[in-house]
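Let's take a walk through a protein model together. Keep the sequence and the 3D view open while you read.

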Amino acid sequence: MKNLKKIDLFKNLTDEELKELQAYLVTTAYKKKEYIFSEGDSPEWFYIVSAGTVKVTKLSHEGKEIILEVISPHDIFGGVAVLRNFPYPANAVAMEDAEVIKMSRKNLMRLVDRFPNLMYFIALQLGDRMKSSHDSLKNIALERVEARIAALLLKLSNKVGVETKDGLLIDMRLTKQDVADMVGTTVETSIRTFSKFKKEGLVTDTDGKFIIKDKEGLASLSS
């Protein structure tokens with residue numbers, strides 16, 4: 001029950017309402033790189049990340065994976081397809097071992113009728129997600145790679161940043177390949193850019209996670 005309260009979607013429900021809701025939820029564990037759903041699958045389930053991270057991806061015409069979004073704990077995904085009842089438009093893959101809460105489409109529709117505020121919060125989150133995706137695509141089209149990577153790091157720090165003595169920790173594991181796939185560049189360019197950022201004292205990394213040491217410096221690059 002306490003864990004459900006951490007999810008924005010459910011935070012305004014009473015304990016009695018959460019108890020009722022729990023009967024409709026299924027928790028499933030996924031291994032790193034395991035597919036949760038594939039592009040074109042029927043929209044059977046609405047998902048919320050409980051632990052770990054999930055990436056939403058598509059394949060380019062050349063077969064290269066493009067990461068459209070990274071879903072962190074307590075965020076929803078699969079919502080547009082479920083609500084509109086059309087096939088999932090992308091893939092969802094566990095970036096690391098992850099735990100996901102899911103609800104069937106039939107039960108979601110039933111609960112939206114029962115708790116109208118759920119639809120309001122789903123719409124808000126989906127709107128934010130669409131704006132974020134639009135901004136990412138605009139950056140890929142218009143900005144140079146350094147600006148795109150700086151903007152990505154700042155975006156992730158706003159979602160999952162944790163203040164530490166060394167700087168602002170982006171609390172998820174990301175490879176240079178992941179970053180390249182998210183900003184539409186090559187892994188070699190991603191590696192070179194991070195080397196430059198490190199030399200300039202903007203970022204560092206530890207245990208597979210990036211730490212922002214100069215947020216203002218990154219912001220000046222991304223604008």
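This is a predicted model: local features need pLDDT of at least 70, side-chain atom pairs count only at pLDDT 80 or more; totals for chains, interfaces and linings use all residues.

Residues are numbered from 1 along each chain as its sequence is written, and side-chain values use heavy atoms, with hydrogens and water left out.

**Charged pairs**

Side chains of opposite charge can pair when their charged atoms come close. Here we call it a salt bridge when a side-chain nitrogen of Lys or Arg is within 4 Å of a carboxyl oxygen of Asp or Glu. How many salt bridges does a search of the whole structure find? It turns up 14.

| Salt bridge | Distance (N to O) |
|---|---|
| Lys11 and Asp8 | 3.7 Å |
| Glu39 and Lys58 | 2.8 Å |
| Asp166 and Lys165 | 3.6 Å |

The pair of Glu39 and Lys58 links distant parts of the chain, 19 residues apart. Glu39 sits in the loop between strand E2 (35-37) and strand E3 (45-51), while Lys58 belongs to strand E4 (residues 54-59). These labels come from DSSP runs, numbered from the N terminus: helices (H or I) have at least four residues and strands (E) at least two.

Are these side chains buried or exposed? Buried means under 20% relative accessible area, exposed means over 50%, and partly exposed is in between (1.4 Å probe, protein chains only). Lys11 is partly exposed at 41%, and Asp8 is partly exposed at 40%. Glu39 is partly exposed too, with 41%, and Lys58 is partly exposed with 28%. In the remaining pair, Asp166 is partly exposed at 37%, but Lys165 counts as exposed at 81%.

Salt bridges can also form a network: Glu69, Asp75, Lys155 and Lys159 are linked in this way.

Now for Glu146, which is found in helix H6 (residues 145-160). Glu146 is buried, with a relative accessible area of 18%. Its side chain joins that of Lys196 in a polar contact of 3.3 Å. A polar contact is a pair of N or O atoms within 3.5 Å; within protein, one must be able to donate a hydrogen and the other to accept it, and residues adjacent in sequence count only if both atoms are side-chain atoms. Leaving out residues up to four places away in sequence, Glu146 touches Thr193, Lys196, Phe197 and Leu221, where contact means heavy atoms within 4.5 Å.

**The sheet**

Four strands make an open sheet in the order E2-E7-E4-E5, with antiparallel pairing. Two strands pair if DSSP finds at least two bridges between them. The edge strands, E2 and strand E5 (65-71), each pair on one side only. From one strand to the next, the twist averages 35°. E4 and E5 run antiparallel and are joined by 6 bridges. Leu59 stands opposite Glu65 in E5.

**Two helices**

Helix H7 (residues 176-183) lies across E4 and E5, at about 100° to E5. Axes are lines fitted to C-alpha atoms, for helices over the stretch in contact, and angles run from 0 to 180 degrees between N-to-C directions. The axes of H7 and helix H8 (residues 187-199) come within 8 Å and cross at roughly 110°. H7 and H8 are therefore roughly perpendicular to each other, a label for angles of 65 to 115 degrees. Where they meet, Lys176, Gln177, Val179 and Ala180 in H7 touch Val187, Ser190, Ile191 and Phe194 in H8.

Definitions and conventions: Angles under 35 degrees count as roughly parallel, over 145 as roughly antiparallel, 65 to 115 as roughly perpendicular and the rest as oblique.
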